[in-house]
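The sequence and the structure come first, and the description follows.

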Amino acid sequence: MSEPGRATDDHVDAEVSSFFDPSVLDDPFDTYAAMHEQCPVHRLPENGLYMIAGYEDVREALTDPATFSSRGASHNARGAEALATMGAIIAERGWLMPPVLQSADPPDHTEHRKLLGRVFTPKRVAALTPRIDELTNDLLDRVIEQGTMEFVTDFAIPLPGIFICEQYGLPASEYPTFRRWAEATIAPVQRELTVDEAREVAETVVESQHHLAAEFERRRVEPTDDLISALVHSHDDPDDPADPFTVEELQGLMAQLVAGGFETTTAALTTGMWLLLRYPDQMEKLRADRSLMRNFIEESLRFDSPVAGLWRTTTCSVTMAGTDIPAGSMVMPRYAAANRDPSVFDEPDVFDIERPNASAHLAFGQGPHYCIGAALARAELTSAFTAILDRMDDIRLAVPLDDEPHEFSFFLRPFKRMQLAFTTVAAVG
């Protein structure tokens, strides 16, 4: 007989062991439900990763960095040759990035957050909101008269892409290059790479690093009011001086901030749009009562989290939900599974923009690594869906989605494409 809360090995293998199956990653929610019922902590046979599904267990892992370390956490025990190839190229021609921010633990992480807190302030986010609104409407202006749009490429990619370029003081027209850099940065954690793919990814990473290194040096000499300059000079506080970030640290920070601000926001935008299409009664409710916008955004983040989970490594042996996890194990607190935990969210598989505890989701993480860009992401989502509902009516799919509509990724939820048709809302006055 299996232990309470756990399944027999045969049953686990049949129900929840196929996270490397593209069809399961594309629609993992039945698997999450099986984990909640049978094995809230499950070891994946493919790479030995312990997947944590329960809400309280995920919270515990995220708030206990002494046991669940972010430093050195790795997703992949199988692609060692490819990762070594990539590391060798970057070491020879670029900068190997030390543990910073998401990949660091206290006290280093505490110092990084303190310095970044001077950059990502609520005041700065509030000041950026008018530009987000303007950019959102500029993108809709390009498609509104034709009555169709490819939502991913016409809107969900360029909105965060152009915005990031502007905030980092780089030409807005270069956002496709920025996205290529972001994709290269996260490629090793999206999927297992071949050696040839790893070489190509490393070349792109080195390209981005040299471009950014020149920008860092330019801002050191001539400070501006953009975010790169703010990072370079974040130590310049006479009341609280600190050592400046090294080039290696700046490279690591920029890689994380670009990938986090680009890919995750694109995923959140496309998922939010898909949920409105999938649940038209909820779209009409939101259209009729915009005071529900904030809760719609929180519920969409809960229901289908743009980041499914991130990695940790256990520093000592620990028992969680009846499962013994040895020291040095790869662990993934799976945010997306925790956000469907029926012990926290009533009828978790129901999308309800009036859900009273929608904001209790863990889509932005929890604890010391809570997403530093969460307020900015919420501002972008609010601007986007407010403008879409203001200007577009009868929104529908012009072309059916693929049977597996998401790009393959172990921890993100990117849609491949989403062709929309709509009518234009008549101007009032």
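This is a predicted model: local features need pLDDT of at least 70, side-chain atom pairs count only at pLDDT 80 or more; totals for chains, interfaces and linings use all residues.

Two strands are taken to pair if DSSP finds at least two bridges between them.

Three strands form an open sheet, in the order β4-β10-β9, and their pairing is antiparallel. Because β4 (148-150) and β9 (392-397) stand at the edges with a single partner strand each, one side of each is left without a neighbour in the sheet. Direction ignored, neighbouring strands of this sheet are turned against each other by 25 degrees on average.

The pairing of β4 with β10 (residues 419-424) is antiparallel and extends over three bridges. Within it, Thr 148 has Ala 421 of β10 as its bridge partner, and Met 149 is bridged to Leu 420 of β10. β9 and β10 also run antiparallel, and they are joined by four bridges. Here Leu 397 has Leu 420 as its bridge partner in β10, so that Leu 420 is a bridge partner both of Met 149 and of Leu 397, under the rule that pairing requires at least two bridges between strands.

On the α13 side, the contact is made by Thr 265, Ala 268, Leu 269, Gly 272, Met 273 and Leu 276, while α17 contributes Glu 380, Leu 381, Ala 384, Phe 385 and Ile 388. Sorted by class, this contact has eight nonpolar, two polar and one charged residues.

**Cavities and a pocket**

Rolling a probe the size of a water molecule over the atoms shows where empty space is left. A search of the whole structure finds three cavities of 30 Å³ or more.

| Space | Volume | Lining by class |
|---|---|---|
| Largest cavity | about 140 Å³ | ten nonpolar, four polar, no charged residues |
| Second largest cavity | about 40 Å³ | eight nonpolar, one polar, three charged residues |
| Second largest pocket | about 520 Å³ | ten nonpolar, four polar, nine charged residues |

The largest cavity is lined by 14 residues, and those nearest its centre are Thr 185, Ser 208, Leu 212, Met 254 and Ala 255. α10, α11 and α13 each supply at least two residues of this lining, with the largest share, five residues, coming from α13.

The second largest pocket is lined by 23 residues, of which Glu 183, Ala 184, Ala 187, Gln 190 and Arg 191 lie nearest its centre. At least two residues of the pocket lining come from each of α10 (175-190), α11 (195-221) and α13 (247-278), but in this lining the largest share, seven residues, is supplied by α10.

The lining of the second largest cavity includes Leu 25, Pro 28, Phe 29 and Tyr 32, together with Asp 304, Ala 308, Arg 334 and Ala 336, and with Ser 409, Phe 410, Leu 412 and Arg 413. Charged residues number three in this lining, whereas the lining of the largest cavity has no charged residues.

Notes. Residues are numbered from 1 along each chain as its sequence is written. Side-chain values use heavy atoms; hydrogens and water are left out. On a 1 Å grid over the protein atoms alone, a cavity is a set of points where a 1.4 Å probe fits but cannot get out, and a pocket is an open set with protein on both sides within 12 Å along at least five of seven lines; lining residues have an atom within 4 Å of a point. Grid points are joined across faces, edges and corners, and a volume is the space filled by probe spheres set on the points. Ala, Val, Leu, Ile, Met, Phe, Trp, Tyr, Cys and Pro count as nonpolar, Asp, Glu, Lys and Arg as charged, and the others, Gly among them, as polar. Axes are lines fitted to C-alpha atoms, for helices over the stretch in contact, and angles run from 0 to 180 degrees between N-to-C directions. Contact means heavy atoms within 4.5 Å.
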